[in-house]
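I opened the notebook to record what I looked up in this structure, one topic at a time. The entries follow below.

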Amino acid sequence: MRIGIAFDLKSDFEADPSGPEDALEEYDNRATVDAIAGVLTELGHTAELFGGGRRFIERMLASPPDLVFNIAEGQGSRSREAHVPAVCEMLKVPCTHSDPLTLSVTLDKAIAKRIAASLGVATPRFAVVESTADLRHLALAFPMIVKPVFEGSSIGIRRHSRVTDAAGLSREVTRIVGDYDQPALVEEFCTGPEFTVGILGEGSAARAIGVMEIVPRKARAEEFVYSLEVKRDWENEVEYHVPPRRDPAVVTGIAACALAAYRALGCRDVSRVDVRLDASGTPCFLEVNPLPGLNPRTGDLCILSARSGLPYSGLIDAIVRGALSRYGRI
Ligand SMILES: Nc1ncnc2c1ncn2[C@@H]1O[C@H](COP(=O)(O)OP(=O)(O)O)[C@@H](O)[C@H]1O
Ligand SMILES: [Mg+2]
């Protein structure tokens with residue numbers, strides 16, 4: 001089968017010198033694309049590098065593949081992750097991962113939380129704030145965390161994103177709105193341990209393949225933020241426990257929360273869902289990553305999948321098979 005890989009590399013973009021230093025953080029490195037292409041070739045497919053943006057569209061029109069393997073983050077708007085699957089839908093080319101609607105809804109964390117909450121999934125109380133003036137009517141309790149409302153890969157999230165008083169809150173809202181050109185999502189901070197859950201499949205057949213606890217080595221657990229600084233230096237900053245060293249009933253509850261959010265948001269093929277326990281021990285949905293990083297060495301999903309018994313090649317194969325069965329191709 002001819003599989004076109006859609007991707008956006010950091011090196012495809014020029015960083016704006018006056019913009020924040022993490023503006024390109026979500027984009028991939030060539031090693032990730034090569035690793036995916038390597039597995040697809042081993043599985044007997046022909047892997048072709050379609051890239052992203054206009055180049056992707058030109059290749060799709062010139063020579064559409066049998067399947068697009070999509071890891072393209074897109075560029076510009078809060079709908080940017082939907083660009084590639086929307087082109088695939090328009091040209092009737094099968095595509096891995098979630099559809100344009102899910103990819104748009106999940107990039108906006110506030111919209112994702114509203115949908116998940118409406119279906120009974122616990123998620124921290126929050127407000128969307130456009131300026132510090134909106135903070136006058138804020139009815140949330142400290143500590144809080146302030147994040148850009150439509151980013152991922154810890155873009156905008158630093159250790160000091162967790163705030164404990166009005167001055168910190170105002171400082172972080174000003175920083176996010178000013179540097180990231182979008183509203184800030186202000187959430188009550190869950191002080192319990194943090195987990196991320198790998199999920200494969202679609203609808204009622206979706207299943208959690210593993211739960212990974214992210215344990216800080218340096219920060220106090222109740223203050224820990226899996227921030228940009230931590231993710232860039234993860235080997236020194238955190239330990240990953242798969243399975244978590246927790247009561248199995250707690251782990252089951254975390255997986256159930258993640259799976260409920262995945263289904264509520266209509267994710268398909270694969271996603272990684274972030275869950276944290278609140279002070280009372282209730283698993284709370286933070287966000288879903290429907291285009292989880294697939295670098296075999298550093299991607300959280302790849303680490304948790306391998307440690308749960310599904311090696312990288314099996315993970316890529318499962319994503320491809322999930323997509324092909326949806327289109328009736330296997
Ligand atoms: N409400 C919250 N309570 C506690 N920690 C949070 C909360 N929201 C985010 N965090 C921390 O910040 C990190 C990044 O937030 P997240 O929403 O997952 O953004 P990203 O898309 O950048 O991964 C989380 O992994 C977690 O450590
Ligand atoms: Mg996250």
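**Setting up.** Helices (H or I, at least four residues) and strands (E, at least two) are DSSP runs, numbered from the N terminus. I note that this is a predicted model, in which local features need pLDDT of at least 70, side-chain atom pairs count only at pLDDT 80 or more, and totals for chains, interfaces and linings use all residues. Residues are numbered from 1 along each chain as its sequence is written, chains are lettered from A and ligands numbered from 1 in the order in which they are written, and side-chain values use heavy atoms, with hydrogens and water left out.

**Entry on Arg158.** I looked up Arg158 and found its place in the loop between S5 and S6. For burial I used these cut-offs: buried means under 20% relative accessible area, exposed over 50%, and partly exposed in between (1.4 Å probe, protein chains only). Arg158 counts as buried, because its relative accessibility is 11%. I then listed its contacts (heavy atoms within 4.5 Å), and, leaving aside neighbours within four places in sequence, Arg158 is in contact with Glu21, Asp22, Arg175, Tyr180, Val225, Ser227, Leu228 and Glu229.

**Entry on the sheet around S7.** Two strands are taken to pair if DSSP finds at least two bridges between them. I found an open sheet of four strands in the order S4-S7-S5-S6, with antiparallel pairing. Strands S4 and S6 (162-163) stand at the edges with a single partner strand each, so one side of each is left without a neighbour in the sheet. Within this sheet, S7 pairs with strand S4 (residues 126-129) over four bridges, and Val129 stands opposite Ala184 there. S7 also pairs with strand S5 (residues 144-148), over five bridges; Val146 stands opposite Val186, and Met144 has Glu188 as its bridge partner.

How many residues of strand S7 (residues 184-188) are buried? Five of the five are, so the strand is largely enclosed by the rest of the structure. I reminded myself that in a regular strand the side chains alternate between the two faces of the sheet. In S7 both faces are covered, with Ala184, Val186 and Glu188 buried on one side and Leu185 and Glu187 buried on the other.

**Entry on salt bridges.** A salt bridge here is a side-chain nitrogen of Lys or Arg within 4 Å of a carboxyl oxygen of Asp or Glu, and by this rule the count comes to 27. I began with Glu187 and Lys147, whose side chains meet in a salt bridge at 3.4 Å, N to O. Glu187 lies in strand S7 and Lys147 in strand S5, so the pair ties together parts that are 40 residues apart in sequence. Glu187 is buried at 1% relative accessible area, and Lys147 is buried too, at 6%.

Next I looked at Arg78, which forms a salt bridge with Asp108, with the closest N and O atoms 3.0 Å apart. Arg78 lies in the loop between strand S3 (67-70) and H3, and Asp108 in the loop between helix H4 (100-107) and helix H5 (109-118), so the pair ties together parts that are 30 residues apart in sequence.

Arg297 is exposed at 52%, while Glu235 is partly exposed at 44%. I also noted that salt bridges that share partners join Glu21, Asp22, Glu25, Arg158 and Arg232 into one network.

**Entry on the magnesium ion.** Which residues coordinate the magnesium ion (ligand 2)? Asp274 (OD) and Glu287 (OE) do, at 2.0 Å. Asp274 lies in strand S11 (residues 268-277) and Glu287 in strand S12 (residues 283-289), so the pair ties together parts that are 13 residues apart in sequence. Asp274 is buried, at 9%, and Glu287 counts as buried at 12%. Donors are N, O and S atoms within 2.8 Å of the metal (3.2 Å for Na, K and Ca), and water is not among the atoms, so sites may look incomplete.
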